[in-house]
Amino acid sequence: MKQIKRLQIGKNGLSVAFIDQVKSIFEKETLVKISILKAACRDKKDAEKIGAGLVEALGKKYDYKLVGYVLTVVKYRKEQR
């Protein structure tokens with residue numbers, strides 16, 4: 001069983017470099033868990049904005065679920081929206 005890739009978003013927030021890193025991981029993986037640190041957002045609304053921004057930058061084949069301050073991003077075979 002493969003391990004799930006885990007990343008963290010810190011005080012730099014959702015940067016272009018972070019999005020590129022996530023895209024490179026999704027070339028081989030279908031699931032990534034991203035921990036949002038307290039330096040990146042103040043409350044759940046900011047965490048939702050980060051998740052929505054990341055999925056928008058990745059494309060239509062991606063979706064996310066936010067539990068606490070952990071984003072679970074999934075890549076599907078077909079477009080979801």
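**A walk through the chain**

N12 sits in the loop between strand 1 and helix 1. Helices (H or I, at least four residues) and strands (E, at least two) are DSSP runs, numbered from the N terminus. At 68% relative accessibility, N12 counts as exposed. Buried means under 20% relative accessible area, exposed over 50%, and partly exposed in between (1.4 Å probe, protein chains only). N12 and G51 are 39 residues apart along the chain, and their C-alpha atoms are separated by 15 Å.

This is a predicted model: local features need pLDDT of at least 70, side-chain atom pairs count only at pLDDT 80 or more, and totals for chains, interfaces and linings use all residues. Residues are numbered from 1 along each chain as its sequence is written, and side-chain values use heavy atoms, with hydrogens and water left out.

Now the overall plan. The chain has two helices and four strands. From the N terminus on, these elements run β-α-β-α-β-β. The radius of gyration of the chain is 12 Å, close to the 12 Å that the globule rule gives for 81 residues, so the chain is as compact as a globular protein of that length. This radius is taken over C-alpha atoms, and the globule rule is 2.2 Å times the number of residues to the power 0.38. Along its principal axes, the C-alpha trace spans about 35 × 30 × 25 Å.

Of the 81 residues, 30% count as buried. The accessible surface of the chain comes to about 5,900 Å². Carbon and sulfur atoms hold 49% of that surface. Accessible areas come from the Shrake-Rupley method with a 1.4 Å probe; for residues, only the protein chains shown count as cover. Contacts tell of the fold too. Among contacts between residues at least 6 apart in sequence, 56% join residues at least 24 apart. Contact means heavy atoms within 4.5 Å.

Next comes helix 1. Helix 1 covers residues 16-25, and its buried residues are F18, I19, V22 and I25. Seen down the axis of helix 1, these buried residues fall within an arc of 120°, so they line one face of the helix. The arc is that of the directions from the helix axis to the C-beta atoms. An α-helix has 3.6 residues a turn, so residues three or four places apart point the same way. The face turned away from the buried side carries the exposed residues V16 and A17. What do the buried residues of helix 1 pack against? Their partners are strand 1 (5-9), strand 2 (31-36) and helix 2 (44-58).

Take I19 from this helix. I19 is buried, with a relative accessible area of 14%. Not counting residues up to four places away in sequence, I19 touches L14, L54, A57 and L58. I19 and K2 are 17 residues apart in sequence and 22 Å apart in space, C-alpha to C-alpha.

Is E29 buried or exposed? At 15% relative accessibility, E29 counts as buried. Leaving aside neighbours within four places in sequence, E29 is in contact with K2, Q3, K5 and K75.

A47 lies in helix 2. At 0% relative accessibility, A47 counts as buried. A47 touches I36, C41, L66 and Y69, not counting residues up to four places away in sequence. The C-alpha atoms of A47 and V74, 27 residues apart along the chain, are separated by 17 Å. E56 also lies in helix 2. E56 is exposed, with a relative accessible area of 66%. E56 and D43 are 13 residues apart along the chain, with 20 Å between their C-alpha atoms.

Strand 4 spans residues 70-75, and T72 is found in it. T72 is buried, with a relative accessible area of 18%. Leaving aside neighbours within four places in sequence, T72 is in contact with L31, V32, K33, D63, Y64 and K65.

K44 lies over the face of Y69, at 5.4 Å from the ring centre. A charge sits over a ring if NZ of Lys or CZ of Arg is within 6 Å of the ring centre and within 35 degrees of the ring normal. A search of the whole structure finds one aromatic pair. Rings of Phe, Tyr and Trp (its six-membered ring) pair if their centres lie within 6.5 Å; planes under 30 degrees apart count as stacked, over 60 as edge-to-face and the rest as tilted.
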